[in-house]
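Reader: I'd like to talk through a few spots on this model. Can you take my questions one at a time?

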Amino acid sequence: MTDETRATEGVAAPDAPRAPDAPVRLRDALDALPAYTPGRPASAPPGVTAYKISSNENPYPPLPAVLDTVRDAASQMNRYPDMSVGALTQVLAARLGVPAARLAFGPGSVGVLGQLIAATCDMGDEVVFAWRSFEAYPILVTLAGAVPVQVPLTADARHDLVAMADAITPRTRVVLVCTPNNPTGTTVGDAELEVFLERVPSDVLVVIDEAYLEFVTAPDSPDALAVHRSRPNVAVLRTFSKAYGLAGLRVGYAVAHEPVAEALRKAAIPFGVNSLAQAAAVASLEAVDELEVRVKELVAERERVVAALRDQGWSPPDAQANFVWFSLGSRTVEFAAACQDAGLTVRPYGSDGARATIAEREANDRLIEVAGRFLAAGSA
């Protein structure tokens with residue numbers, strides 16, 4: 001067919017031929033997109049046990065009952081999972097005291113958050129969050145074509161809720177409140193959260209990200225589910241990866257009012273929560289007493305580590321998760337290297353600081369030892 005014939009018949013003429021080596025066209029947004037940096041694998045000098053304390057993983061192995069359940073479920077892995085996540089929905093709804101219709105699931109809480117951003121944001125819309133906070137936030141927001149609005153933390157590494165409220169504009173669709181905050185471990189208080197929520201427009205969704213909820217002991221920490229029940233524009237984000245020790249199976253969820261929860265389910269990847277993850281989550285909820293024992297042990301270790309660091313002269317923020325934060329500034333890389341030389345893999349964050357997970361007692365003891373030597377060398 002000639003170009004003249006195409007024009008006569010209303011068929012568009014082909015574009016001019018491209019060079020055979022022309023690159024595939026990718027989105028311009030990727031140029032400014034920060035890559036997610038996972039915790040590095042553990043490594044150590046010869047004869048030294050290596051500990052990976054960079055990913056906030058639960059150091060305990062799976063509970064025996066949970067492991068047995070996963071083994072049984074594996075015999076059916078040739079079948080697609082239940083896309084409605086029905087069994088887990090019913091058990092969790094009863095446990096939380098919320099209607100089943102308010103639950104939406106995904107591959108980890110970060111997967112659910114991706115669904116949430118996709119369901120709420122059009123091109124150019126804004127998402128407000130503290131910074132530094134969970135590093136997946138700007139990635140998910142940018143990939144959705146929205147604009148990340150980062151509000152600096154306070155001097156004591158906490159959310160500046162006043163400044164976050166000031167940052168809301170007519171283009172704001174979502175505000176993320178990470179409590180405990182990753183990577184600094186600090187929480188927001190109930191009273192300050194209520195004051196903040198009074199300033200947020202009713203058509204802006206506030207997401208309380210509680211990935212580390214189970215480790216919180218602060219008496220003024222908010223009851224996020226109660227806040228959710230009283231405010232239609234509040235959703236709660238949680239995961240089975242941390243306290244429940246299911247990081248490798250990837251299952252998280254949101255508690256949101258029905259219109260939002262329905263939108264999250266529409267935005268979900270089909271069959272995104274696999275069968276093993278669903279079965280393991282149900283079994284974990286049934287073994288909650290055993291899990292609480294482990295959580296209490298990790299909290300006790302956290303308190304021991306923080307107390308030891310303060311005795312050495314460090315001033316870590318009030319740790320409320322399963323990790324501790326070292327505000328190191330320009331010495332961050334140096335500290336991470338010192339830890340690596342001792343067989344500890346921590347998580348450095350540019351020139352802001354480093355995060356270290358509370359792990360086995362031996363790893364925690366070594367962290368205390370390395371931190372003490374590092375501080376002494378720096379002040380000598």
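Reader: Which residues form the negative surface patch?
Author: This is a predicted model, where local features need pLDDT of at least 70, side-chain atom pairs count only at pLDDT 80 or more, and totals for chains, interfaces and linings use all residues. Numbering runs from 1 along each chain as its sequence is written, and side-chain values use heavy atoms, with hydrogens and water left out. A patch takes residues with over 30% relative accessible area and no salt bridge, joining like charges within 9 Å and nonpolar side chains (Val, Leu, Ile, Met, Phe, Trp, Tyr) within 5 Å. The negative one is made up of Asp190, Asp220, Asp223 and Asp318.

Reader: Where does aspartate 220 lie?
Author: Aspartate 220 is partly exposed, because its relative accessible area is 44% and that class sits between buried (under 20%) and exposed (over 50%), using a 1.4 Å probe and protein chains only. As for its place, look in the loop between β6 (205-209) and α8 (224-230).

Reader: Is glycine 145 buried or exposed?
Author: Glycine 145 sits in the loop between α5 (136-143) and β4 (147-152). Leaving aside neighbours within four places in sequence, glycine 145 is in contact (heavy atoms within 4.5 Å) with Arg27, Asp122, Met123 and Gly124. Its relative accessible area is 12%, so glycine 145 is buried.

Reader: And what is the relative accessible area of leucine 26?
Author: Leucine 26 belongs to a nonpolar surface patch of about 410 Å², along with Val24, Leu30 and Leu143. You'll find leucine 26 in the loop between α1 (3-8) and β1 (51-52). Leucine 26 counts as exposed, because its relative accessible area is 64%.

How values were computed
Areas by Shrake-Rupley, 256 points an atom, 1.4 Å probe, with all protein chains shown as cover. Salt bridge = Lys/Arg side-chain N within 4 Å of Asp/Glu carboxyl O. Lys, Arg positive; Asp, Glu negative; His and termini not counted. Charge placed at Lys NZ, Arg CZ, Asp CG, Glu CD. Helix = DSSP H or I, 4+ residues; strand = E, 2+ residues; numbered from the N terminus.
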